[in-house]
Amino acid sequence: MLNMKAMVVRECRWLALLGLAAGGLVCGGAPAVGREPAMLSGATVQDNAGLSQVESAVIARTNAARARSGLPPLAADGQLMIGARNHARWMARNRNLSHGSGVTENIGMGQTSASEAVSNWMQSSGHRANILGGGHTRIGVAMVHSADGTAYWCQQFR
């Protein structure tokens with residue numbers, strides 16, 4: 001288990017790597033209030049820094065589906081990542097599968113892997129249209145477990 005100082009050093013290295021000045025962590029001091037990774041302050045997330053393995057897998061599988069259709073990959077976007085995480089967290093906390101407003105979004109519940117979630121979306125014409133939307137260039141994704149262990153999934157596009 002990492003102690004707080006080691007965590008701060010690790011987060012500061014990520015900030016330096018991404019060239020970000022702030023966004024959830026004060027380098028050289030104590031962590032700032034907030035639970036989102038520092039590099040998700042709204043900048044484009046580069047090299048999957050700050051993404052969980054599941055989030056990276058969802059993006060990779062989504063981009064593979066786009067590549068099969070001759071479309072360019074979507075870039076992980078910090079603001080969309082925060083939005084997707086917040087919405088997935090809300091759905092899990094309330095055990096309520098429902099869309100948010102103001103953003104193109106895919107949601108899911110109960111899938112046990114990134115592969116299953118993306119596969120299910122690709123089998124639905126509406127969800128597939130969101131994934132293959134030619135106008136989209138950025139994506140945010142999340143998966144959060146409810147108290148009973150059910151997985152809630154969210155993809156947001158811009």
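Visitor: Let's start with α4. Which residues are buried there?
Guide: In α4, the buried ones are A114, A117, V118, W121 and M122. Buried means under 20% relative accessible area, exposed is over 50%, and partly exposed is in between, using a 1.4 Å probe on protein chains only. Seen down the axis of α4, they fall within an arc of 130°, so they line one face of the helix. That arc is taken over the directions from the helix axis to the C-beta atoms.

Visitor: Before we go on, what kind of model is this?
Guide: This is a predicted model, where local features need pLDDT of at least 70 and side-chain atom pairs count only at pLDDT 80 or more, while totals for chains, interfaces and linings use all residues. Residues are numbered from 1 along each chain as its sequence is written, and side-chain values use heavy atoms, with hydrogens and water left out.

Visitor: Okay. What do the buried residues of α4 pack against?
Guide: They pack against α2, β2, α5 (125-131) and β4. Contact here means heavy atoms within 4.5 Å.

Visitor: How many helices and strands are there in the protein chain?
Guide: Five helices and four strands. Both are DSSP runs numbered from the N terminus: helices are H or I with at least four residues, strands are E with at least two. From the N terminus on, the order is α-α-β-α-β-α-α-β-β.

Visitor: And in what order do the strands sit in the sheet?
Guide: The order is β1-β3-β4-β2, in an open sheet with mixed pairing. Two strands pair if DSSP finds at least two bridges between them.

Visitor: Which strands stand at the edges?
Guide: β1 (75-76) and β2 (104-109) do. Each has a single partner strand, so one side of each is left without a neighbour in the sheet.

Visitor: In what sense do β1 and β3 pair, parallel or antiparallel?
Guide: Parallel, over two bridges, with β3 covering residues 138-145. A75 stands opposite R138, and A76 has I139 as its bridge partner.

Visitor: What about β3 and β4, parallel or antiparallel?
Guide: Antiparallel, over seven bridges. A142 is partnered with C154 in β4, and M143 with W153.

Visitor: Why is β4 largely enclosed by the rest of the structure?
Guide: Seven of the seven residues of β4 are buried, so the rest of the structure largely encloses this strand. A151, W153, Q155 and F157 point one way, and Y152, C154 and Q156 point the other way.

Visitor: Which residues in the largest nonpolar core touch the most other members?
Guide: V58, I59, W121, I131, I139, V141 and W153, out of 19 residues. A nonpolar core is a set of buried Ala, Val, Leu, Ile, Met, Phe, Trp, Tyr and Cys residues joined through side-chain atoms within 4.5 Å. α2, α4, β3 and β4 each supply at least two residues of this core, and α4 gives the largest share, five residues. There's also a second, separate core of eight residues, A84, A88, A142 and C154 among them.

Visitor: What does I131 touch?
Guide: Leaving out residues up to four places away in sequence, I131 touches T62, A65, R66, N106, W121, M122, Q155 and F157.

Visitor: New topic: is E55 buried or exposed?
Guide: Buried, with a relative accessible area of 7%. E55 is found in helix α2. Not counting residues up to four places away in sequence, E55 touches G50, M81, R85, V141 and A142.

Visitor: And D148, buried or exposed?
Guide: Exposed, at 52% relative accessible area. D148 lies in the loop between β3 and β4. The D148 side chain makes polar contacts with the side chains of S146 (2.4 Å) and T150 (2.9 Å). A polar contact is a pair of N or O atoms within 3.5 Å; within protein, one must be able to donate a hydrogen and the other to accept it, and residues adjacent in sequence count only if both atoms are side-chain atoms.

Visitor: Which residue in that hairpin takes a positive phi?
Guide: G149, with a phi near 95°, in a hairpin that has five residues between the strands.
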